[in-house]
Amino acid sequence: MGKRALGVLAAAIVIMLLPVLISSREPAPAPGPTGAAVLPDLAGHLGDVEAIHIKHAAAAVSLVRQADHWQVAERDGYAADRSQLVQLLRNLADMTLLEQKTSTIEYLPSLGLAAPDAAEGAATALELQAGKHAWALLVGNKPAERTGQYLRLAGQNQAWLADQPLAVSADPAAWLDPIILNVDAEWVTTVILSQPGAEEVNISSGGDTAGEIQNARVTNLPPGATLKYPGVADETTRALVNLRLQDVRPFAEIDWQAAASAQFDLTEGRTLLIRAVQVDDNYWLAVSLGSEFSAADRLSLGLHDAIE
C-alpha cells in the first residue's frame, strides 16, 4: 500500500490518552527425534522468506515481504510489525523438539492440534514460503506449567512439545506496526480544538520570557467558565505521546462529517492535523501533515510512513 492508497492514516485507538496444510513447493522434512530442529533447513533461508500465512477457524492473515518491507495483505498492505515478525522467524528457526506426545487423532483437540476447521481444539495453520521452499506447521496450545508449544507438522498426526513459544495470531490487526507517532508535549506550542456545533478551544503551551516551561492553558475561556479540573489542558498537549493504533481502515471508508478536529502547532513551524470520529464502539483517527516535515522531522517525531 502506497501512501496515496490510504490518503491519510486511519487508526482505531481508544482516545484517552490453510488451511494450506500441504504445499506444492518442496515439503519440509519430517522432524527427527527429541532434540532435533523442528524445521532443520529454515535457518539457512531466513533471509529468503517472502510470505507467512496464518489461519485459524474463519480468521486468516497473510504477511508479505515487498523489498525490505513487510506488509499485512488484509489491511491494504499496511506496514507489519517487523519486530514481531523477526521474533517469530527466529523462534521457528531455533525451535527443537522436547517431547513426543500423542498421535491418536481423538486426543489431538486437547492439545489444540485438531484440524484447523475442527469445531473443538482446532490448530492454527502456519505456512512459510521462500522461493521454492515452503514449511507448514499446525500450532496448538502452550503448556500450562512450562515453556514451549504443542505442534505437529502438516499432514502428520504425531504431536510434539517444542521448546519455543510461538505468537501466531490469525487476526490481521495483531500484526500491524502499532506506532503512529510520538510527539513530546514540549514540542507542542498551541492546540486548536474544533467540533461541529461547538465553540473552538485554543490551548497554548509556550515558555515564559525566561524560557521556562509553563503549564498549558486555555486562552479563550469564556468569562465565568472554569476547566473541569486543573491540568486538563496539559493532557491535551500530551495526547500525541507514543500514539498507537489498534486497527486501520482506508480513509474513504469512514464518514468524517461529524469528526472533531485538532490542529497541533509544533516548534519550528510544523503542524499536525488530527480528525477523530466515533463509529460504533470505536474511535477512528485521521492524521495528516499541515506543513512540510523533513526526513529528520519524521524520524524524531516517530511519524509513520503512511502519514502525509
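User: How much accessible surface does the chain have, and what share of it belongs to carbon and sulfur atoms?
Analyst: About 15900 Å² for the chain, with 50% of that belonging to carbon and sulfur atoms. Keep in mind this is a predicted model.

User: And what percentage of the residues is buried?
Analyst: Of the 308 residues in the chain, 42% are buried.

User: How many helices and strands are there?
Analyst: The chain has 4 helices and 19 strands.

User: In what order do the strands of the open sheet run?
Analyst: That sheet has 9 strands, ordered β5-β4-β3-β2-β7-β8-β9-β10-β6, and the pairing is antiparallel. β5 (78-79) and β6 (97-100) are the edge strands; each has a single partner, so one side of each has no neighbour in the sheet.

User: Zooming in, how many bridges link β9 and β10?
Analyst: 3 bridges, joining residues 149-153 of β9 to residues 160-162 of β10 in the antiparallel sense. As one example, Tyr-150 has Leu-161 in β10 as its bridge partner.

User: Switching topic: is Leu-181 buried or exposed?
Analyst: Leu-181 is buried, because its relative accessible area is 0% and the cut-off for buried is under 20%. Leu-181 sits in strand β11, which covers residues 179-181.

User: Which residues does Leu-181 touch, leaving out those up to four places away in sequence?
Analyst: Its contacts include Leu-240, Asn-242, Leu-243, Leu-272, Val-287 and Ile-307, plus the run Leu-301, Gly-302 and Leu-303.

Notes
Residues are numbered from 1 along each chain as its sequence is written. This is a predicted model: local features need pLDDT of at least 70, side-chain atom pairs count only at pLDDT 80 or more; totals for chains, interfaces and linings use all residues. Side-chain values use heavy atoms; hydrogens and water are left out. Helices (H or I, at least four residues) and strands (E, at least two) are DSSP runs, numbered from the N terminus. Buried means under 20% relative accessible area, exposed over 50%, partly exposed in between (1.4 Å probe, protein chains only). Contact means heavy atoms within 4.5 Å. Two strands pair if DSSP finds at least two bridges between them. Accessible areas come from the Shrake-Rupley method with a 1.4 Å probe; for residues, only the protein chains shown count as cover.
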